[in-house]
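Okay, thanks for coming, everyone.

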Amino acid sequence: MRKIEVTREELERIIKLCENIEKRGLDPFTVNIRELLERLRRIIEENPNLDHYVVDAETLYRISTLIALQHKWLREKARALFIDAQMISTRLTAMDKKTLVKAFLKAWHPIISLEQMTPQRLRQGLEHFLSLPPRSGSREFGWKIADREMEFVKARLKLEEKAMMEKIKALHRELLEKFEEKGEALDYWEFIKGKDFDETFERAYLLSFLITEGYVDVKRNPLKNEVKLIPHKEQVERKSPTSLVISLRGEI
Amino acid sequence: MSGEESFSRRLMIAATMLLFKSHRRPGVRGWELKHRLGKNYMRVIDALNSRLKQLGLEIKTVFEEGEENNLDRARFYVVLSHPLTMSDLVAAGWRIDEVAALSITLSILSSRGGKAPLRDVLEVLETKFPKWKAETYLERAIRRGYIERLEDDVLTIGWRTKVEIEQKALLKAVLEAREEKEIRSD
């Protein structure tokens, strides 16, 4: 049992060694591949069990990766004119900064490219600007908007919100009345239809709030291409809500 | 539109695509050029290249690793064809120290097959700069795409180096620079 553990540890050490060389970009020729393979053969012969074979296979894979790395290393070295890395390091240490820069300039061909402003970039910039936090405590609501202006904007928003709530309530009442009148689910397109496209769009928009809040259920029949509305007097809690996309076009 | 007019229009499109940055990185893929210029896009690129050469620029094609013949997947860039001078460098806003640090880093990486532990690079850099400066220059080189930092603090050649630097020429220049100095001192 002890022996099995030792050989397993040995295999894991070999795997770790190969991994280290691969990851850290060390010289793969510092390892004697032949010796590693001989050790692996000995371990396989001494431990003929399935558990070991898995680790053996992993070790063999790592060693073959190392051989591939040696091949790549040789190719890179040939490309770099077989210049010794140590020699380069020594030379770099001895050179002064200006000489280093001059050497670099001989091999450097910088990319020429121009930045350009696109509508997307402008939009991104605006979004970023608006999302910036306030500069300091004195300007609580952001760049160049005074507290008084902000109060005014808030009051206006409140009014608009109130007006919208009124419109939603009116639409809900209308929906309930029509539903009671007809006694069956209402057709979505028929209901949202207004005098012109603007009104149709507004009705669809307001209706979407009623649907989201659970005041109206939507039943869709893809076979007949029908969308039906079933209103509720009270808000209904949904167990598994889903999203439905309905696109409006100008021809309505 | 005559054939000649159409060709010069395609030249203009190619120049705009190559010179204006439209992605996060500069450069255009072969398939993008094919899409805009047609399947004979290499003819347009060659014609544009000969015109750019008159201005000291050239088009460089960088193939994806392992796809050395696939022009569609390759990236095309416009680069400076002649070397910059020291004064050009300063005028372009580069600091001598920073370029020296880049030169050291890339020479080490190139001489080691494109990969080296951060510790080894810092060791050489620290013979010239204080540690904080060396680290700052490395960070900047990473941001600019000259080098990449892998896990376990290993540095490797970045995409920009593959485009802009002739690595063999850099190593040769480093070796020759020392010889020049020796000759001068003699």
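I'll start with one chain, then take the interface, and finish with a few spots in the other chain.

Some housekeeping. This is a predicted model: local features need pLDDT of at least 70, side-chain atom pairs count only at pLDDT 80 or more, and totals for chains, interfaces and linings use all residues. Residues are numbered from 1 along each chain as its sequence is written, while chains are lettered from A and ligands numbered from 1 in the order in which they are written.

So, chain A. It has 9 helices and 3 strands, where helices are DSSP runs of H or I with at least four residues, strands are E runs of at least two, and both are numbered from the N terminus. Along the sequence you read α-α-α-α-α-α-α-β-α-α-β-β. How much of chain A is buried? Of its 252 residues, 15%. Buried here means 20 or more other C-beta atoms within 10 Å of a residue's own, exposed means 12 or fewer, and partly exposed is in between, with C-beta atoms placed from the backbone. Helix α2 of chain A, residues 33-46, is hardly covered, with 0 buried among its 14 residues. At 1.5 Å a residue those 14 residues should span 20 Å, and the end C-alpha atoms are 20 Å apart, which agrees. That expected span is 1.5 Å times one less than the number of residues.

Now the interface. 38 residues of chain A are in contact with 51 residues of chain B; contact means C-beta atoms, placed from the backbone, within 7 Å. Which helix gives the largest share of chain A's side? That's α5(A), with 11 residues. By class, chain A's side divides into 20 nonpolar, 7 polar and 11 charged. Nonpolar covers Ala, Val, Leu, Ile, Met, Phe, Trp, Tyr, Cys and Pro, charged covers Asp, Glu, Lys and Arg, and the others, Gly among them, are polar.

Zoom in on α5(A) and α5(B). Their axes come within 8 Å and cross at roughly 65°. The axes are lines fitted to C-alpha atoms, for helices over the stretch in contact, and angles run from 0 to 180 degrees between N-to-C directions. Residues making the contact include Leu100(A) and Phe104(A) from α5(A), and Val99(B) and Leu102(B) from α5(B). By class it has 9 nonpolar, 1 polar and 3 charged residues.

Within chain B, α5 (residues 96-111) also meets α6 (residues 118-125), with axes within 10 Å and a crossing of roughly 135°. So α5(B) and α6(B) are oblique. Ile104(B) and Ile108(B) are among the α5(B) residues in that contact, and Val121(B) and Val124(B) among those of α6(B).

Also in α5 of chain B is Ser111(B), buried with 26 C-beta neighbours inside 10 Å. Its C-alpha atom is 9.0 Å from that of Lys168(B), 57 residues away along the chain.

Last stop, the loop between β5 (147-150) and β6 (154-157) of chain B, where Asp152(B) is found. Asp152(B) is not a glycine, yet its phi is positive, near 65°. Asp153(B) is in that loop too, with a positive phi of about 55°. Asp152(B) counts as exposed with 11 C-beta neighbours inside 10 Å, and Asp153(B) is exposed with 12.

Methods: Angles under 35 degrees count as roughly parallel, over 145 as roughly antiparallel, 65 to 115 as roughly perpendicular and the rest as oblique. Two residues are in contact if their C-beta atoms, placed from the backbone, lie within 7 Å.
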